[in-house]
Amino acid sequence: MTYSLTLWRNARLATLAGSAGWGLIEHGAILTQGETLHWVGAESELPAQFTQKINVTHDLGGALVTPGLIDCHTHLVYGGHRAHEFEMRLQGASYLDIARAGGGIRSTVAATRAASDAQLLADAGKRLQVLMREGVTTVEIKSGYGLSLEHEARSLAVARALGRTLPVAVRTTYLGAHALPPEFEGRSDDYVDAVCAWMPALHAQGLVDAVDAFCENIGFSPAQTRRVFEAAARLGLPVKLHAEQLSDQGGAALAAEFGALSCDHLEHLSEAGIAAMARSGTVAVLLPGAYYFLRDTKLPPIAALRAAGVPMAVASDHNPGTSPGLSLLLMINMACTLFRLTPEEAVRGVTVHAAKALGLSDRGQLVAGQRADFCVWDVAHPNELAYWFGTNPCKRVIVGAQERDL
Ligand code: NIG
Ligand code: FE
């Protein structure tokens, strides 16, 4: 016997194989080898040559199994919180007013800089474990609350440490161009120079999987964003963008020009932006938590994105300012209720399309050859993942073929 297999049997599989449909397999089974899916199909069709190689068998009791969930847009590493700004907004102040008055991202930057490494790690770890209990097996974590070389490196290192110490895959994104730090007041072009200059050092330390920016009138202009993207391109790093969240800056078209993995938020996305994203194969990452928490009324152009064939992902955007939630399942529900995605689109949005938004082709579907990351649910049909909210039907989570504690 040259290799051994583990059998996970007696399941209803929602494989999400192919480009549409749930890919349901009744009385399904999964064979894993090492960290990989070796075979997926109906148990009655299990190839005979594999059965003698099975050394462990798990009975899943007829439960629903989906690919592990992927949260492809989070800002998990930060100090403090902004509950007081939430109160100010409830009394009529806008997110923009607060940001312009020096609150917003800047207040979290001050709290992040003041926090110890141990505190940042402990707080982000606690948050990540909440996401994990709902079936998240891969998470993207952005920097962007450090805004100096030292503090951006620290935030990214904390994200990497989480991936080493917890049974979850972490992808890091350098978001130095998130806001202007106070020491660069009135010198935003100089700050963009610094963001670009820090990038090779962060990359050399293995801290950066992708580069992001906040292209907005309270963030960085398209010309400044372009410079950040050019620096990323010089290092061969993929880019993503916080684009057209509060206004149409033409950020999506700019990102598409650089072959961006994703454009995120997109409430103010134009027809031209959609066409550019369709041409470049850029994923639209929808963030219903931020839309909800800011009480936004401008919907992202879902029907036009769908018509153009732009893949849509859904993520938590967890951050202390605009989306302090820690439930990807709630985001699935909100993607349907607020954005009118179908349940299948929303679930694809946190699996297949979320993987694509991170440039990962080895996960997101239950297909032989992919990573053996999957969830076992206490529901009968995958459309229930979009239906129930405020409850967690996740029963078991398997990462790289290893069951992890919930
Ligand atoms: O994705 N849009 C910019 N960044 C965050 C919000 C950051 C904050 O307010 O702290 C977002 O919504
Ligand atoms: Fe964000």
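The space that ligand 1 takes up is the largest cavity. A ligand counts as sitting there if more than half of its atoms lie within 2 Å of the grid points. As for what a cavity is: on a 1 Å grid over the protein atoms alone, a cavity is a set of points where a 1.4 Å probe fits but cannot get out, while a pocket is an open set with protein on both sides within 12 Å along at least five of seven lines; lining residues have an atom within 4 Å of a point.

This is a predicted model, in which local features need pLDDT of at least 70, side-chain atom pairs count only at pLDDT 80 or more, and totals for chains, interfaces and linings use all residues. Residues are numbered from 1 along each chain as its sequence is written, ligands are numbered from 1 in the order in which they are written, and side-chain values use heavy atoms, with hydrogens and water left out.

The largest cavity has a volume of about 110 Å³. Tyr95, Ile105, His178, Asn319 and Thr322 are the closest to its centre among the 14 residues lining it. A search of the whole structure turns up five cavities of 30 Å³ or more.

Now for the ligand itself. Around ligand 1 there are 15 residues, and Arg82, Tyr95, Tyr145, His178 and Thr322 come nearest; being near takes a heavy atom within 4 Å. That shell splits into four nonpolar, nine polar and two charged residues.

Here are its polar contacts with side chains (pairs of N or O atoms within 3.5 Å):

| Side chain | Ligand 1 atom | Distance |
|---|---|---|
| His75 | oxygen | 3.3 Å |
| Tyr145 | oxygen | 2.6 Å |
| Gln245 | nitrogen | 2.9 Å |

On its own, ligand 1 has 330 Å² of accessible area, and the protein covers 100% of that (Shrake-Rupley method, 1.4 Å probe).

Elsewhere you'll find the largest pocket, with a volume of about 340 Å³. Its lining has 17 residues, with Ala99, Arg106, Ala179, Leu180 and Ile218 nearest the centre. Helix H3 (95-100) and helix H4 (105-114) each give two or more residues to that lining; helices here are DSSP runs (H or I) of at least four residues.

How values were computed. A polar contact is a pair of N or O atoms within 3.5 Å; within protein, one must be able to donate a hydrogen and the other to accept it, and residues adjacent in sequence count only if both atoms are side-chain atoms. Ala, Val, Leu, Ile, Met, Phe, Trp, Tyr, Cys and Pro count as nonpolar, Asp, Glu, Lys and Arg as charged, and the others, Gly among them, as polar. Grid points are joined across faces, edges and corners, and a volume is the space filled by probe spheres set on the points.
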